[in-house]
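Me: I would like to learn how to read a fold from its strands, helices and cores. Can we work through one case together?

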Amino acid sequence: MSGVVFVAVSGGRGWREKGVRPRRPDVIKEIAHPTRISPSLSIRERAPSRGMRALVECRARIAHPRASYRRGTKPARRAIRAAAAAARSRPVPVEDENVCDVAIVGAGPGGLATALALQRAGLDVRVFEQREEFRPAGVAIFIWPHGLNALKSFDPVSCERVIEAGAVIDNIAIEQLQPGNTEAEELVKIDVAGWSRRMDLPPQIGITWARLTNALRAGLKPDTVRLAHRLQDLTDEEDGEDGVTLTFEPPRGGGGARPPVRARMCVVGADGRNSRVRELTFGADEKATVNTSATANTSADPAAPEANVYYALSPNPPPGANGAGSFNELRFSLCDGSGISLLDVGRGNLDIDGKEGGFGGNPADPDGGQLMFGTTRFSEPAMTFETPTARLGHLESLFENTTPLLKAAIASTEPSAVIQTRLYERDGASR
């Protein structure tokens, strides 16, 4: 479970960094890994005057980015007074049934794992998702033992459910294919299962995104996850009500906007790379640049290196591979100046379409499963394709001289199943 979770805590007492003023709603705390949240997560009480001042100052900075905001300056006072007056003129009524302790925006793995941790700590949690139905998103991921161990620390049952839904990875292998050869030379093979046993940790697993979110969602209380909730705004009221109010846009599929919700304690933004919570809290990103090295590239230089990422799910074993597959392993194949990874993600003709037995498995092998293949093409300019078939054809052309397993995996992939994205690097959120 990857990504950054932004926790906007309504209340500034007890959290103060020298020289740093809290931003909207009052305190922003970053958690670098959502599955490392523990039941002892500290959530603080609200201080209404500080909370409101932090909110209007943040709004003023966004609205007037060139003004000086040194305390006591006239531009700062004018902007803060204007933002405060606008906030007071728009009170948002909230019904009692729409009040909770914590509101989480985004029902991906990060948001669901956070909800599990907070519910186990006894908090009233709601998760708001803009999608209007549960359907697969993403492809698959590899989860290390420490991530599962964090989940196990507050919800052992959900941890076991996640492990059973995926494929236990026993080995990580790296191989190299020389040009003109069809058999790869194995460079290294790591017994990661033995390491987990020696460290008394859960295993590492490969799992589809759909199965992971299904397994996490099954551990939540009924009606925790609310679909068709597209976040519109966050408001810290100063009318004596505690917390932060969330308002929502009408669903894309039609119908009216969902009623506003008030979170008494905090709002958690787990809504992905293009986070609406982040945008409302820190303002819109001015740039999102590509990074192809260990050092972050934060320049907007159009000549900066680019990288395209392709990944998809294929049957395991794929037809045409003579029974060869990627079983209980993560395998990196270095070939044609680049590389491609194969990850076992489980058995049983899994759920590209979100259903057990759905397409994507090998119908000739009911005991088979799926593997994820992915490749990152560094220094390849941004590519656009007129059709999914053209995108798959581009992938096949990249790996013409490779192992029979890799060629079969790509050839047996549904064109619509190939996902293409780019590598991005963002500046850290400013406090």
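Me: Which residue in S9 is the bridge partner of Ile-143?

Reply: First, the ground rules. This is a predicted model, where local features need pLDDT of at least 70, side-chain atom pairs count only at pLDDT 80 or more, and totals for chains, interfaces and linings use all residues. Residues are numbered from 1 along each chain as its sequence is written, and side-chain values use heavy atoms, with hydrogens and water left out. Helices (H or I, at least four residues) and strands (E, at least two) are DSSP runs, numbered from the N terminus. Two strands pair if DSSP finds at least two bridges between them. Here the bridge partner of Ile-143 in S9 is Ile-205. Four bridges join S5 to strand S9 (residues 204–208), and the two run antiparallel.

Me: What is the strand order of the open sheet that holds S5 and S9?

Reply: The order is S5-S9-S6, with antiparallel pairing. Strand S5 (140–143) and strand S6 (167–169) are the edges, each pairing on one side only.

Me: What is the order in the open sheet of seven strands?

Reply: Read it as S8-S7-S15-S16-S17-S14-S18; the pairing is mixed. Strand S8 (185–191) and S18 are the edge strands, and each pairs on one side only. The twist averages 20° from one strand to the next.

Me: Which way do S7 and S8 run, parallel or antiparallel?

Reply: Antiparallel: six bridges join strand S7 (residues 171–176) to S8. Ala-173 stands opposite Lys-189 in S8, and Glu-175 has Glu-186 as its bridge partner there. S7 also has six bridges to strand S15 (residues 329–335), and this pair runs parallel. In S15, Leu-334 stands opposite Gln-176.

Me: Which residues of helix H9 are buried?

Reply: Start with the general idea. An α-helix has 3.6 residues a turn, so residues three or four places apart point the same way. Buried means under 20% relative accessible area, exposed over 50%, partly exposed in between (1.4 Å probe, protein chains only). In H9 (residues 388–398), the buried residues are Arg-391, Leu-392, His-394, Leu-395 and Leu-398. Seen down the axis of H9, they fall within an arc of 155°, so they line one face of the helix. That arc is taken from the directions from the helix axis to the C-beta atoms.

Me: What do the buried residues of H9 pack against?

Reply: Their partners are strand S14 (307–316), strand S17 (369–378), helix H10 (404–411) and strand S18 (419–422). Contact means heavy atoms within 4.5 Å.

Me: Which residues have the most contacts inside the largest nonpolar core?

Reply: In soluble globular proteins, nonpolar side chains tend to be buried together. A nonpolar core is a set of buried Ala, Val, Leu, Ile, Met, Phe, Trp, Tyr and Cys residues joined through side-chain atoms within 4.5 Å. The largest has 30 residues, with the most contacts at Val-102, Ile-104, Val-162 and Ile-207. Helix H3 (residues 109–120) gives the most to this core, with five residues. A second, separate core of 20 residues includes Ala-321, Leu-342, Leu-406 and Ala-409.

Terms used
Axes fitted to C-alpha atoms, helices over the stretch in contact; angles between N-to-C directions.
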